[in-house]
Every structure is written in C-alpha cells, then in structure tokens.
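Here is a report on the interfaces of one chain with its two partners. Terms come with their cut-offs.

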Amino acid sequence: MESRFTRIVVENSNTIVQMWIKEIDSLKEVNYTATISDSLYDSTNREFAEVIFTSIRNQGSTNAVEEFSGKIIKLGWPLSYITDGLQAFRRVTTDFILSQSEKVDTDYFSNVLSSVNHWIEPIIRQLVNDYTGSWENILSLQRVALQELSAPLIPVIDGITIMPLIGTIDTERAKLIMEGLLQGVIKHNSEVVLIDITGVPVVDTMVAHHLIQAAEAVRLIGAKCILVGIRPEIAQTIVKLGIDLSDFATKSSLKKGFTSALEITNRTIVDLESKEEKVEKLIHLLQGE
Amino acid sequence: MPIPILKLHNYLLISIQTEIDDQTAIEFQEDLLDKIHKTGASGVVIDLTSVDIIDSFIAKVLGDVVAMSDLMGAKVVLTGIQPAVAMTLIELGIHLQNILTALDLEQGLIKLHQELGV
Amino acid sequence: MTPQSFVTVYKEWDIVGARQIAREMAKELGFNVVDQARIATAVSELARNIYLYAKEGQIHYEVVETMNKKGLCVRAVDTGPGIKDISLVMQDGYSTSGGLGAGLPGVKRLMDEFDIQTKVGEGTTITTTKWVRL
C-alpha cells in the first residue's frame, strides 16, 4: 500500500510541489518571513521540497535534512517556517493522493494518512531537534558570557580591591559573586574589599542577606568588606525592610569608601605639591625675568 | 598525631596540616591552653591554610579555644581560612563572631601586634 | 536507586572517612572546590548526627543523572531513636548535644535538595542531593 502511495507522490512530484508552493506563498503574507526577498524565499522553498522528496524516496534519509536545517538555522529563519511548511505538505499530499484514487473508504483514508505521516514525522523530528539544539547551544553560551561579566574584581592599590556589582542579583549569581570575591581577596592579597552596589537596581531582603553573607565570609578569611554606593532610595528600602546592616561597614560613595580603606591600611594620600605652591613658584619665576 | 605548637617570643604558632578528627581537636584544645599557661604567651596564631573542611564541631572547638585563650590573657588570630571553608561555614550558619582573622601568618602576626599594642 | 557505595558510621573516625569519600566523589563528578567543601561538610554533619544520636548507621553515596544534569545523592540511614519533632530540629540554632546547632538546617542550605523521613523508635533517613552547576 505504502509503496503505491510513494509511487503516486514521486511520479507527480512536480504537481505536488507546485500546489505546495502556492500554499506556502499564501503563508508568507501573514508570516514572519515577510522581510525575506522573494527570490531567496523561492529558491529555499524549492530546496525544501527537494529535501522532502529525497527523504521520501530514500525512506527517511536524514543527511539532506540535516544539511538543510543547518542552512535555515544559519539564515536565522524561524522554526515555524519549517513546521508550517511540513504541515502544508501534509495537507497537500493527502489531498492529492485522495484525489487520484477512485474508491475511498475509511480504511483507505487512514492508510493514506499514516503513510504521509510516516514521511513527514522523521523530518519534523530531525528539524525541530536541530533547531532546539542550536537554541540550547546559544543559551549556554550566553550563560557563560553572563557569568564572565558577572563580577569583576579590580585591584586598585596594594591591599585594596574593588568589586563593582551591576544588575540584578539572584541566589545563583550571589553564590558566584561570593566565590569570585573570596578567591580574588586571596589572589590579590587584599586587606580591604569595596563592594560597589551603585549598579544594583534593587536591594531587597534576599540581596541584603547575600551581601551580609559575603561580608562575613570575607571577614573569616581575614579581610574587611566595605559596602559602598548606597543610593538614597536603597538606604530607604533597607531601613524600611528592617534589614540590619549595622555590622557592615557602609559608605555612600566609592570615594568615601576608598578613603576609609586607606585609613584601615594605614595610608593617606599626599599631594606632592599643592596648587598654591605651584602658582607661587610660577610667579616667582616670572618676577625673576 | 598531636598538632605541634611552636613558640616564638611571646607568641605561639600553630599550623594545622592534617585532617582533624574530633579527638585531635579536643586534644589540641587542651594542649594549647596548657602551653599558654606554661609559657605565658600573649598571642596565638592558628594557621588553617591546609584545612579544607571545618564542620560545626570543629568550628565550635575553634571558637571555644579562642574564648578560653582570651580568658587566659592570650589573643588568638585565625589565619588562612580557605574561601571554600569560609563560604561553607557561613552557609552552615556559623559566623565565628568576635574572632580575629587574617589572610596569612604574616598578616596574622601584624594583627596580633596591633591588638596587643606592643 | 542502587547505592553505589556506603560507609558504616559507628566510630568517631568514621566521620572523617565518610566526608573524605564524599569529597573524592564530588571531585570526580566535576564539582568545583567550593561545592566539594559544601558536600564534604554536609556529609560530616550527617555522619556526626548518626554518631551522636543513633550510635550506628550508614552513609550511602550515589551518582544521580537526569536528562541534562548530574549530581551526588547522599543518604544517611540509621535505626536510632528517630526524631520526635522535625520542625524543631529544622530550626536554626536548635541543638540537644551542646553543639552549635548548625546541623540539619545547615545541611539543607549546603545542598540543593533535602528530604527527611523519621519515625520515633525506628530510625531516620535523610536524603540530600547536590547538582553539578553547569
């Protein structure tokens, strides 16, 4: 039975492809593929049809399908182009086979359906797999990228390191930040770490909890943590939420935090020559002339 | 194997190098207090660089030893606590409040120096 | 669930043995250093509970794998007195042994999944899993 259907379809492939392309074209208007140039759309459709027929002829060879999916993914076409296309092919082919047959009863009808499904399903499976595979790949790459920019640790001067935090902090990220922070303290041999939260949009109980934990862990390994960059609205929420940061050294700005870090490490900033002195010298020089 | 306790001027230096079981920890606590009593040491540095696990029991022994030494007039600084150990302790809910810490032995000695004001 | 290996805990030194195996397995599974410490510490706490309260029991280790992640499942089994009030032992700071009371809530925080089954007079089984972070 099935081989008979295969014969009908393969022998009339030209007609079927024409019907199919007509169907596909009508989809293009309402579809996401609207921006694609007609000629590219046409040639891809033809290639798609060729792939389907190769698969039918070889009874499920996937090499061609794989190649085609790779190309479509590279072009960035939506998955729905493929699923819609195959649905359309299913409709067109079923209609065509039925129109070629004289006697149609329920058995026959179900045979036709199952044959057509048998052709289409492996292709759908393969294409959807390839697509989701490429998505997952992108997702994991992005996750790695996100981790990389998660929390840089910047040693500014012997014994003092700054960690600027940017973006929302969730539990997963908080753990990464804490690990990075502690390892960085050891690596740079820092006595003081300034955690700058200017770039953190919201500090809720959870974020505060993680920050406190990080500060405690830093204390355990033998360094000191200063929280800087606390904006007025953050100070308000912290107090309103009843979060106790009293054990935590905090400063409103990085500048103030850095000054207090210098104090802790027994250092001060000395201007080598004050501005007034410079001006005086200059005047002196001019008078000498 | 008991944990060796070294004397340097009026400081005692301890580097814990092995996996500590409960018994060793308890013995160490006794040994250290004994040594503080005998030498009249005013400062102690316990270096934990090679310790890769501190559970609640060992943490308690360490916390106790610090409090006990303090009673006997010796300040204790814990040095070289590994990041992984610090994080695990915090997550366990053990904060070791009121304990002096330093990054390494050298910094620990400096800290003792500052604390004791000599 | 077929246990891959287990250790029996009835001496104090077994606590050290139990956590060393945990660390080795965690290392082999590709956990990072911090997670290795988390797992080893959690096992140490579980083994200590067995030693202190049940006198004897086992720690079972099992590598678990799902479609897209793998992890280490640790099960602490004893036939000791059981726990009368689970909500009480799961409170931070509660302890009957004079320890720091970090025990079970601490273990729960260190691991990803935590389950406790207990019956007074029959014993306690604690099953806890940590997944390798991708």
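## Basis

A salt bridge is a side-chain nitrogen of Lys or Arg within 4 Å of a carboxyl oxygen of Asp or Glu. The model is predicted: local features need pLDDT of at least 70, side-chain atom pairs count only at pLDDT 80 or more, and totals for chains, interfaces and linings use all residues. Residues are numbered from 1 along each chain as its sequence is written, chains are lettered from A and ligands numbered from 1 in the order written, and side-chain values use heavy atoms, without hydrogens and water.

## Chain B with chain C

The count here is 6 salt bridges. One salt bridge joins the side chains of B:Glu19 and C:Arg19, at 2.6 Å from N to O.

In contact (heavy atoms within 4.5 Å) are 21 residues of chain B and 24 residues of chain C. The two chains bury about 1,900 Å², 55% of it on carbon and sulfur atoms. Buried area is the accessible area (1.4 Å probe) that two parts lose on being put together, summed over both.

## Chain B with chain A

Between chain B and chain A the count is 0 salt bridges. Contact involves 19 residues of chain B and 18 residues of chain A.

These chains bury about 1,600 Å² between them, with 59% on carbon and sulfur atoms. Of the area that chain B buries against chain A, 38% comes from B:Met87, B:Ile90 and B:Leu103, more than from any other three residues.
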